[in-house]
Amino acid sequence: MSSSKSKKIPSLSFIAGKDEIPSWEELQVIEKRRRGILLRTEEPFWKILSYWDGTCLNILVRDPLFWITVVLYAAIRFAARLGAMPAYVAEIDSKEIGVIGGFLSFFLVFFVVQSNNRFS
């Protein structure tokens with residue numbers, strides 16, 4: 001069983017609709033990893049946040065779209081601080097931005113609820 005620890009965690013591509021069916025050994029490795037993640041739910045919240053395996057952090061760090069969005073946001077904020085924004089952007093009232101933020105928050109909550117309902 002010690003050789004399974006040195007193995008790379010198998011891909012879950014069979015879940016995504018591909019015809020690959022994992023071997024029994026791969027299923028055992030997946031199940032052992034899943035049970036390890038499940039046992040973490042009993043730990044304190046701050047400790048759960050410190051885990052890397054079994055979270056979306058590993059995917060986010062490697063996602064170029066995430067980093068493009070962060071850099072774009074930082075560049076716009078930096079330009080706004082320097083006053084280098086176009087005149088029509090400077091004319092936007094903070095109340096209008098608050099309304100946009102409210103709609104964004106509503107749609108974000110709606111999206112999360114719909115995503116969670118897929119697994120129910």
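**Entry 1: salt bridges**

I began with the term itself: a salt bridge is a side-chain nitrogen of Lys or Arg within 4 Å of a carboxyl oxygen of Asp or Glu. I note here that the model I am reading is predicted. With that cut-off in hand, I looked up how many salt bridges the structure holds, and there are two.

I took Arg34 to start with. Arg34 bridges to Glu31, and the closest N and O atoms are 2.6 Å apart. I then looked up Arg35, which also forms a salt bridge with Glu31, with the closest N and O atoms 2.8 Å apart. I wrote down that Glu31, Arg34 and Arg35 are linked in a network of salt bridges.

Why can these side chains meet? Arg34 and Glu31 are three residues apart in helix 2 (residues 24–39), so about one helical turn separates them. Arg35 and Glu31 are four residues apart in helix 2, and that is again about one helical turn. The general rule is that an α-helix has 3.6 residues a turn, so residues three or four places apart point the same way.

I also checked how open these residues are. Glu31 has a relative accessible area of 26%, so I list Glu31 as partly exposed. Arg34 is partly exposed as well, at 43%. Arg35 comes to 51% and counts as exposed, because the cut-off for exposed is over 50%.

**Entry 2: a charge over a ring**

Which ring does the charged end of Arg40 sit over? I found that it is the ring of Tyr51, with the charged end 4.2 Å from the ring centre.

**Entry 3: helix 5 and its ends**

I compared the length of helix 5 with what its residue count predicts. Helix 5 covers residues 64–82, which is 19 residues, and at 1.5 Å a residue it should span 27 Å. Its end C-alpha atoms are 27 Å apart, so the two values agree.

At the N-terminal end I found Asp63 as the cap of helix 5. A side-chain oxygen of Asp63 lies 3.3 Å from the backbone nitrogen of Leu65. Just after helix 5 comes Gly83, and I noted its positive phi of about 80°.

**Entry 4: aromatic rings**

How many aromatic pairs does the structure hold? I counted three. Phe66 and Trp67 make an edge-to-face pair, with 5.0 Å from centre to centre and 75° between the planes.

I turned next to Phe106 and Phe110. Their ring centres are 6.3 Å apart and their planes are at 20°, so I recorded the pair as stacked. The reasoning needs a cut-off, since planes under 30 degrees apart count as stacked. Both residues lie in helix 7 (residues 94–117), four residues apart, which is about one turn of the helix. Phe110 has 45% relative accessibility and counts as partly exposed.

**Entry 5: the whole chain**

Last, I looked at the chain overall. The protein chain has seven helices and zero strands. Read along the sequence, I get the pattern α-α-α-α-α-α-α. Of its 120 residues, 8% count as buried; the cut-off I used for buried is under 20% relative accessible area. I put the accessible surface of the protein chain at about 10,900 Å², and 68% of that surface belongs to carbon and sulfur atoms.

Technical notes:
Residues are numbered from 1 along each chain as its sequence is written. This is a predicted model: local features need pLDDT of at least 70, side-chain atom pairs count only at pLDDT 80 or more; totals for chains, interfaces and linings use all residues. Side-chain values use heavy atoms; hydrogens and water are left out. Helices (H or I, at least four residues) and strands (E, at least two) are DSSP runs, numbered from the N terminus. The expected span of a helix is 1.5 Å times one less than its number of residues. A polar contact is a pair of N or O atoms within 3.5 Å; within protein, one must be able to donate a hydrogen and the other to accept it, and residues adjacent in sequence count only if both atoms are side-chain atoms. Buried means under 20% relative accessible area, exposed over 50%, partly exposed in between (1.4 Å probe, protein chains only). Rings of Phe, Tyr and Trp (its six-membered ring) pair if their centres lie within 6.5 Å; planes under 30 degrees apart count as stacked, over 60 as edge-to-face and the rest as tilted. A charge sits over a ring if NZ of Lys or CZ of Arg is within 6 Å of the ring centre and within 35 degrees of the ring normal. Accessible areas come from the Shrake-Rupley method with a 1.4 Å probe; for residues, only the protein chains shown count as cover.
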